[in-house]
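Here are some brief notes for a colleague opening this structure for the first time. Please keep the view open while reading.

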Amino acid sequence: MLISIAVLVAGLGLILCGANYLTDGAADIARRLGISDLVVGLTVVAFGTSAPELAISIISAINGSAGLAVGNVVGSNLFNTLVIVGVTAIVAPVVVRRTILTNDIPLVVLSSLILLIMANGPLLDSAGLSEISRVDGLLLICFFMVFIRYTFAQARSASPDAMAAEPTAVAVAEKQQKPLALWRSVVYVAGGLVALVAGGDWFVDGASSVASALGVSDAVIGLTIVAAGTSLPELAASVAAALKGRTDMAIGNVIGSNIFNVFLVLGSAATIAPLRLSGIGNFDLLWLFGATVLFWVFGWFFSRRTITRVEGVVLVVCYVVYSAVLVIDAGS
């Protein structure tokens, strides 16, 4: 048991370090090639924040741990929406721009609704298994490509003044960091990829062993331990952004991560191997859908496009209730 926990923790450490170095190296190479900060932020940084989930879900799919692959995504998105947004709002009330409420958060709601529909295939057509098939995975990847295309089009239509007034996360980081040597950037990218693959393998093995020792399913471990562990970087980044008054950055972190997780991470994993939803039911998926709707409602109504500290507490309490029900159900 202790060895399994040590392997799990070591794997998580490798994943987080690998994602960090991969993002830094790739962003530096992109800047050397003359790629704009906007493109770097939409691609490299967004991929970097979802790289831990991507590594774990793909390796879980390859190893036949479908419950861990799906639970990782569902649990991470629940953690992002309820805990990260909630804690960020408790630290500093989050002002949400109208364009985010009308254009971006609805995409998060749509992604959770699509996942709910795909999981209920047997209920809708009275046949087949409850799984995300390869066809579903390819459709999710298509949704991801549409999202990227839409985001680029939206960015190009933004006014220069608006873009200048709201610098990207990459632009802010650039002012604080010196450019890396080219050889170092290449080493960062290569080493980050190796760490992601190795860490993901260790983490999945450790999580599966812990689940077996505790007598719970891979899905429950994925929904709780794995999800929280892979979402810690987003939590730290969002709280730091809120403390600096960059609430757009904090909210954008959650929105981008949630969309990448469903469309890219699950889509890639399901394309490799169909993901049977053993242990992930409508209870979990309805909580995810309800959490995204609550996130949108709190932003749009009540407090003039502001998620207040009270609303932040409500979001965190919702996650505590969900986790408690999950643990009690697993123990019964």
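**Notes on the packing**

1. Start with asparagine 72. Leaving aside neighbours within four places in sequence, asparagine 72 is in contact with Glu53, Ile56, Ser57, Gly222, Val226, Ala227 and Thr230. Bear in mind that this is a predicted model.

2. Where does asparagine 72 lie? It lies in helix H3. Asparagine 72 is buried, because its relative accessible area is 0%, and buried means under 20%.

3. Look at the side chain of asparagine 72 next. It makes a polar contact with the side chain of serine 57, at 3.1 Å. Ser57 is also in the contact list of asparagine 72.

4. Now the nonpolar packing. The largest nonpolar core has 60 residues. Val74 and Leu275 have the most contacts inside it. Several helices each supply at least two residues of this core, including helix H2 (37-62), helix H3 (66-91) and helix H12 (282-300).

5. A second, separate core has 16 residues. Among them are Ile15, Ala51, Val210 and Val226. Val226 is also one of the residues in contact with asparagine 72.

6. What does valine 74 touch? Not counting residues up to four places away in sequence, valine 74 touches Leu115, Leu223, Ile280, Asp284, Leu285 and Leu288.

7. Finish with phenylalanine 289, in helix H12. It counts as partly exposed, at 25% relative accessibility. Not counting residues up to four places away in sequence, phenylalanine 289 touches Val109, Ser112 and Leu113. Phenylalanine 289 and valine 74 are 215 residues apart along the chain, and their C-alpha atoms are separated by 10.0 Å.

Technical notes
Residues are numbered from 1 along each chain as its sequence is written. This is a predicted model: local features need pLDDT of at least 70, side-chain atom pairs count only at pLDDT 80 or more; totals for chains, interfaces and linings use all residues. Side-chain values use heavy atoms; hydrogens and water are left out. A nonpolar core is a set of buried Ala, Val, Leu, Ile, Met, Phe, Trp, Tyr and Cys residues joined through side-chain atoms within 4.5 Å. Buried means under 20% relative accessible area, exposed over 50%, partly exposed in between (1.4 Å probe, protein chains only). Helices (H or I, at least four residues) and strands (E, at least two) are DSSP runs, numbered from the N terminus. Contact means heavy atoms within 4.5 Å. A polar contact is a pair of N or O atoms within 3.5 Å; within protein, one must be able to donate a hydrogen and the other to accept it, and residues adjacent in sequence count only if both atoms are side-chain atoms.
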